[in-house]
Every structure is written in C-alpha cells, then in structure tokens.
There are 2 protein chains.
Amino acid sequence: MIEHGILDELRSIVGIGGVRTGEALSLIHPGSDERNLHAGVLVTPGTTEEVAAVLRLCNERGIAVVPHGGRTGLVGGGVSSSGQIVLSLGAMNRILSLSADGAIATVEGGVTLQSLQEAAARVNLSTGIDIASRGSASIAGMISTNAGGMEAFRYGVMRHRVLGLEVALPDGRIMSDMAQVTKSNEGYDLKQLFIGAEGTLGIVTRAVIRLAPADPFTATALVACPAATDAIALFRLLHGSLDLLRAEFMARNYFALASANLGPAALAAFTEAPCYLIVETGAADQRSARSALEDALARAIEQGLVVDAILAQSEKERSEIWNIREDSSIVDRVHPDGHWFDISVPLQALETWLAQFNEGIAAFGPDVRGFVFGHLGDGNLHVGVAGLKVNKDAAKAIVYANLRELGGSFSAEHGVGLDKRQELDAFADPVKLELMHSIKNLLDPNGIMNPGKLLGRKGATPIPGAH
Amino acid sequence: MIEHGILDELRSIVGIGGVRTGEALSLIHPGSDERNLHAGVLVTPGTTEEVAAVLRLCNERGIAVVPHGGRTGLVGGGVSSSGQIVLSLGAMNRILSLSADGAIATVEGGVTLQSLQEAAARVNLSTGIDIASRGSASIAGMISTNAGGMEAFRYGVMRHRVLGLEVALPDGRIMSDMAQVTKSNEGYDLKQLFIGAEGTLGIVTRAVIRLAPADPFTATALVACPAATDAIALFRLLHGSLDLLRAEFMARNYFALASANLGPAALAAFTEAPCYLIVETGAADQRSARSALEDALARAIEQGLVVDAILAQSEKERSEIWNIREDSSIVDRVHPDGHWFDISVPLQALETWLAQFNEGIAAFGPDVRGFVFGHLGDGNLHVGVAGLKVNKDAAKAIVYANLRELGGSFSAEHGVGLDKRQELDAFADPVKLELMHSIKNLLDPNGIMNPGKLLGRKGATPIPGAH
C-alpha cells in the first residue's frame, strides 16, 4: 500500500478530489478485469502537466504507475496491485478542437471513441475506426493498444489514425509532437514508439486524430461461401469494384451457434456452408447501394464464389444480420469454458490455417468445438476453443500451429498485456526483443511504467505451437 | 580515402564485383546530387547477411556508411565524402513473393517502385503509393524517407504501406520483423523507427508491402476554384460521394506559367482563378466515371465552389491536363534561380497560409514570383520562390512564417537529409530532439550510419520564421 505522505503529495498535484482510495474507490467499476483497481489508489490528473508531475514524483520514489483508459482491455494490461497507483485519464476527456475542413480532431487522451464519433458525425465525418467497446474505450487507451476493429482494411489501425501525439514520459518530461498533417517527416517518428506500447513507456495525454468521410448510404448482405478462398475472392471483387465498407467473416460453427441462438428463424435456416460473410457497401443513395450490391452478388454466384445470399431490405433486417456477428459473446454464454485467441492470418494462408484448425478440433472428438469469426480484410480472427477436455495449452497448440510460418500474428488487435507475454517471448524475433528491452531501459530506467505488462521475461520457456 | 586492406576485406564479403572504385565507379551515375558518390567506394552486397557483415566491419573500424537506394533524394541524404563508403542496395532487387489473395508483396530493398507497380498490376493490384521518380526510387529508399506522393490521402504514406521489415543494424545484428498482416501488436513496433530515419539507424534490407486495389476506370477534370476553401470543399464533396483517386492543387501563378509554356492552347486559355485542381475519380466503367464526375462538378458549380471545369474526353486530353501538373520542373527551366520548399499545411489553414504567402511575395515587388502546387488532400505544398532579389533566408521567412502555429510541417515528403537539419533543430520539440539523439546513440553508438544527415547539431542557430 502507498504511504500517506505520498498520497498527500499526489493530492497536492491533482487536488483532493483527484486521489481516490477506500470507499471512494469502491464506487468505481473495475472494468473488464476485476483486478484493475487492486492497487487501491486511483489518481485522475486534469492536465498534461499534472500527469507529468505525478510521473516525476513516482519516478523519484520508485512507485509503479498503471495507466487506465476506459478499462475495456482484454489481456490484463490494466491490472494493478498493492503498492502501485492507477493513473486514469478519465478527467481529461475534452475534444479540444475539431475541424471539418481539415478532417482532424485534437483531443485529450480520456475522450471516449463514441464522443469523438458523435462529434465527427455532426460535420459528416467519421473516426475511420470502430470497436465494440466504443462507449467506454478512450482514445489514449486505443492508441496505447493500437486498436483495430472492422474498418482497418480501409483506414488502417489506430496507428494510422494518429497524426500527432503528446506523451508524458516517466521522468516528467513532456514530448509534444502534435502534428496536424499526414505528411510530416521531421526526424525519427518517435510517437510510433508509444502507439501500441500499452502504457509501458509513458502516458499519452493528447492526440491529433485524422478523421474520415462519413459512411454513405449502405447495403448489407449475408453471404454463404463454399470456402475461405471464395470469401477472399468475393472480398477482392467487392473491394475493387464497389465502395466496400465492412467484410466480416464467420466460420460454419460460429454462424450455426449464433444464428440458432440469436435468431431470427430466417437467418437460423440460412443455407449451410463452410464460410459466411457479412458485407456492407456504400453508394450515393440507398437504392443504388442495394442494386449495385445485388448485381455484384449475382455475378459472384455465377462465378461460384457464393452459394446463397440475403440482402437486407430494411434497417431491421440489417440489424438482425449484424447482431449475429456483433453479439459474439453468445458463444461464451453457451460454452462458458472456452479459451479465446486473437490472431491474424495473411489472406493467402487463411484456407490452410482454417483446414488445419478444423482438423485439430476434430481430433479432440465431438465434445470439443472451435469457433472462428473476425475481420476478413485483415485476416484478423477471433478464435474460441470450447470443451471440457481442452486446457489452454492444448488449445494454443492448435491455434498457433504454423502460425509464424504462415506469416500470421499471435496478437492482432487486443495486445499482449499480462496474458500473452509468454507468446511474445516465444514468437518475437530475438533481436527485436533485445531492442525492446533496450528501449524500455532508455525511456523508463526505473521501470515504473506499467511493470510486468507486455515485455516478457528474457529466456522464458517456449510455448506450444511456437518455434 | 579508404585504405586498401579495408577494400580487400569488403571484397571478401561481397565479392570482387561488389566493390567499385576509380574507373569502375565513374561509370555509375551519381543521381540527383553530384556529391552522392564522392566517397569513391561503392559497395553492393547481394544478401542481407552481406549487408550485415559490411556494417559489422565498418562499425569495428569506425568507417562511415552512406546507404543508397535509387539516388533520387532531393535533400542531400545520399551525399558521401572521402573516407566513407557508399552501400547500395542495387544488387538486391528481387521481388521475393507477391500474393494476389493476400494483396502483399515481399521484396528486397533495392526493388524499384516501378518494378513492384508492374508486378502488382499483373494481378490487378497497385502499390497504393506513386511518386514521379518511380523508375529509379527503391522501396528501401522510399521506406527510409517515408515517401509520400499523390495517393497519400487515400492510402497513407510509405509508413502505412509497410507491414514487415528486415533491418541490418550498425553492429551487424539483423532485426527481422517480416509481418504479413495489418493487425499485429507484438510489442513496441520498432520497425517504425527505421521508417523515415534516412539510413541513420540501420539499413532496410527486405520489406513486406501491403498492396491496394488497382485503379478502376477513371474520369479526369481540370477545375478552377474561387478560393482554396472552395477547392477543399470540392475535395470533401468528391471524397465523400465518389471514389476520389487524386486531387492535385495548383495556385494561380503556377498554373499560368505551366499552361502557357506546356500548352495546349485550350488549357493556356482556361479561365483565370486563384486556385486550380486536377481531380480524378473512379467507377466500374468509363462512361459512368465521366457522367458521375460531370454531375458532381455541375452541383459544385451551382454551389459556387467551382467557376469552370474541363472534363477530359480522351486519354490524350487527360495526359495534357496531367502534364501541366507533373512537368513541374517547367518552373525551374523558366526561373532557374528559385528556392524550393516542401511543406504541409493542415487544410483548415490553407487559405490563411496562401494569403500570407501571396502578401509576402507581393512585398518583394514585381520581380519576385511565388509558385505553389502539390497534393491537396494532405495539404502538401511544393513551394518555389523565384527572383534575383530573394536569398534563401528571405524565402524561408515567408514560407515558414506561422507554419508551426498553423499546425504545418517544414518537411512533408522529401525528408531532412543535409538540407533541412537547421529547420529540424529550430522547429522540433526539444524533448523529441533529445530522444532522437538518445535513440541514435543507442542504435549507432559509433555514429557510422549516414553521419551528418537528418540529426541537426544541438543548439544550432534559429532560422527565419521558426520559433
């Protein structure tokens, strides 16, 4: 536990209301991991200078700092323990400026994605990135985890949305590189180090975000494909000839379970196939969006890429189709014992990986099920392995098998956090790992920033599937 | 000059043909800067391991290494001098793999952009990046300078096209992070350090490049706008409602000089206006591309965003329109005494910057002319100031005035090299500069990598216009 003298010093920096302990802290929801607030001290600075002053103090006293955004992380990156402090950006939640002409916004780190989406929508723009936890996820958290989502094949991941960044360093210095332009080559692009660093190198206090055009009128279809290669060919066809906005993938098992449990009957009774896609395309008006997608799907059926398709004829039908994909926690509700993974597979290897995964699952026998869904354009798959017979290591052995050789990644969009340090040590290039430790040591020599997260221990034991 | 013993050691690494000096070297064109080959020694390794071995040797002996790609750089980043060696990737020019399904290519660093463009086009893909020096510029050079070009508002700059990277470090280690996926969050994204580092931290030996869909059928128009804000509104309109592929900006002076000197008469006689755009949009067939652009421009004329437009009715007319923009060296041929700049201005500040620039030029009197053209979507302007009365510092004072306050950049897409070190020192955030020096010292403690480039001296004198 932090000593009282330190708490007083923290209060002198951020004000009395900016330091929560005990009962005041118990009112705060811990978020996606119940251990997030175990530190017992929550500090909420109101300005960049306060963040820097808190870090300077903690650096001098050797107190570990766990940065929190929206507490929606899925890999334990926000877990804290006694003796540490949690530093939340929750009080730094202002959109400082938003220019429709420039299509950029300058924000404090604690702004939620949804706030920024709503502000952008008012001037007919979008954030170009969308994730399910939009209501809580903060921009600084999304930067620190380099968030992905459904639009990455069009607009890139969070790294590609960041034009400028302000970061408080562990020693209390503030690096301000608040560029407002896409093209800026002014020496080493050091902001990139902090994007995806999961709070282990400094704290993102402000950012300039590049905005994208708002979605036009859309058409949405659920499509059944004979194989993953056909789904990919359909993706290329639509991406090359229409304004393809989203292309979400669902393998047979996932679609069967989700449609049977979520309904409606028309979707639950949809043609059986190895692969399904939800595709959404845009056009200048509703009617031409639907007719263009209908024409394209008719061609795809002729070419054998698609065996059946349902084109949403109303907003209600659109929502029903999307619900099958978005309410993916249905798998957890039906099979609460599942092990989950977040991987990327290059599209040219998707069929191979899926075949190998299905074989591996089948070898466990009928009590074990595999569920695969995700973002087709990026080859980003969320993979669940459920069944009492399977422990996490056995599941890893199937999911990670040949993943490196196929050009994939064990960590697509959720990050490393606490949960995947072993994978990082096993999969990462050894020279890259050495450099990572050197960079950490350079920027945070006292190791106060989110210790134990992301950076695995050197020489850890290898894990199944990794080479 | 390098001593003979070292040359023999270099030959033992790369073979006798891989080390050129004297007469053999004199046959090589120095490229865009006549000083590029002043080192007098050109080493062309054939493999990553040879690159690493050369660096290890030079690191041990304290010999500076100047990396060369296509020798098309514009800021002196490839300049070498006696006692140094030039390391060229010219012999590492193979496309190692290209997957149409995955829309990715794995290449050696010396591959030219044009080779990759041609290979991508054969499977109906494109590189998503295009620059005028495509025939010579190498992928490694484009990565090291984080090249930009005309498609950046759609597909980002070179940084956004790189999925994976292999780098030979100064001490001979090889960092191999050849990810083939967009979503890969496996710790600090260290490859970003080398992108845009201008060869001062290591040598890019191989890369995985993300490809984009090939352009569809296109329509092209030359458009005259009453003001920059109108040009931007037109850009937003087209980008939001059509598949906008290119939007190139030309201010009055540039268009007048280029059209008068390059012709044809129809373009030279085009409506006079403060701003011109060349816009190119795409659609599934030629006819609908032209009719959609025509409709959109008709609406823009009604709204007062456009005063006049010429829609190209043939490939010949399209070429004539593009020639006005692409043959920009016409300014140099007419006014050989010009000073040139490569800046970015956020779009919301473009009108302000242009007004201020035009005022500054006018204040010099009629003998001084300002020429502005560039890539509208990124606010990337190439700016020329010509006239015998103006020295470089006086030109800087006008071009850089308020640029930082407006959110712009002194270095958009050409890099810092030798020419803009003073600007970097003056404009960059001091903490960022400190960290840059720390990173340089960490990765290249002996300072052998492209010394004197990019990193300015600490505490250099301030320059006009900078704060």
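In which helix of chain B is Ser259(B) found? Ser259(B) is found in helix 10 of chain B, which spans residues 252-262, where helices (H or I, at least four residues) and strands (E, at least two) are DSSP runs numbered from the N terminus. The model is a predicted one, in which local features need pLDDT of at least 70 and side-chain atom pairs count only at pLDDT 80 or more, while totals for chains, interfaces and linings use all residues. Residues are numbered from 1 along each chain as its sequence is written, chains are lettered from A and ligands numbered from 1 in the order in which they are written, and side-chain values use heavy atoms, with hydrogens and water left out.

Ser259(B) has 2% relative accessibility and therefore counts as buried; buried means under 20% relative accessible area, exposed over 50%, and partly exposed in between, with a 1.4 Å probe and protein chains only. Leaving aside residues up to four places away in sequence, Ser259(B) touches Leu267(B), Ala268(B) and Ile324(B), contact meaning heavy atoms within 4.5 Å. The side chain of Ser259(B) also reaches the backbone oxygen of Ala256(B) at 3.4 Å.

Most residues other than glycine have a negative phi, and most peptide bonds are trans. Ala103(B), in the loop between strand 5 (95-99) and strand 6 (104-108) of chain B, has a positive phi of about 55° although it is not a glycine, and Ala103(B) is buried, with a relative accessible area of 6%. Glu198(B) has a positive phi near 55°; this residue lies in the loop between helix 8 (191-194) and strand 10 (203-210) of chain B and, at 9% relative accessibility, counts as buried.

Helix 1 of chain B, residues 4-14, has as its buried residues Ile6(B), Leu7(B), Leu10(B) and Val14(B). They cover an arc of only 100° around the axis, so they lie on the same side of the helix, the arc being that of the directions from the helix axis to the C-beta atoms. An α-helix has 3.6 residues a turn, so residues three or four places apart point the same way. The cover over these buried residues includes strand 1 (19-21), strand 2 (41-43), helix 3 (48-61) and strand 4 (85-88) of chain B, whereas the face turned away from the buried side carries the exposed residues His4(B) and Ser12(B). Gly15(B), with a positive phi near 90°, follows helix 1 of chain B.

The cysteines can be considered next. The structure holds zero disulfides over all chains, a disulfide being a pair of cysteine sulfur atoms within 2.5 Å. The sulfur of Cys275(B) is 6.7 Å from the closest cysteine sulfur, in Cys225(B), which is too far for a bond, and Cys275(B) counts as buried at 3% relative accessibility.

Finally, a rotation of 180° with 0.0 Å of shift along its axis superposes chain B on chain A, with an RMSD of 0.0 Å, where copies are superposed by least squares on the C-alpha atoms of residues with pLDDT of at least 70 in both. The two copies are thus related as by a two-fold rotation axis, and the same surface serves both, since 100% of the contact residues of chain B recur in chain A.

Conventions: A polar contact is a pair of N or O atoms within 3.5 Å; within protein, one must be able to donate a hydrogen and the other to accept it, and residues adjacent in sequence count only if both atoms are side-chain atoms.
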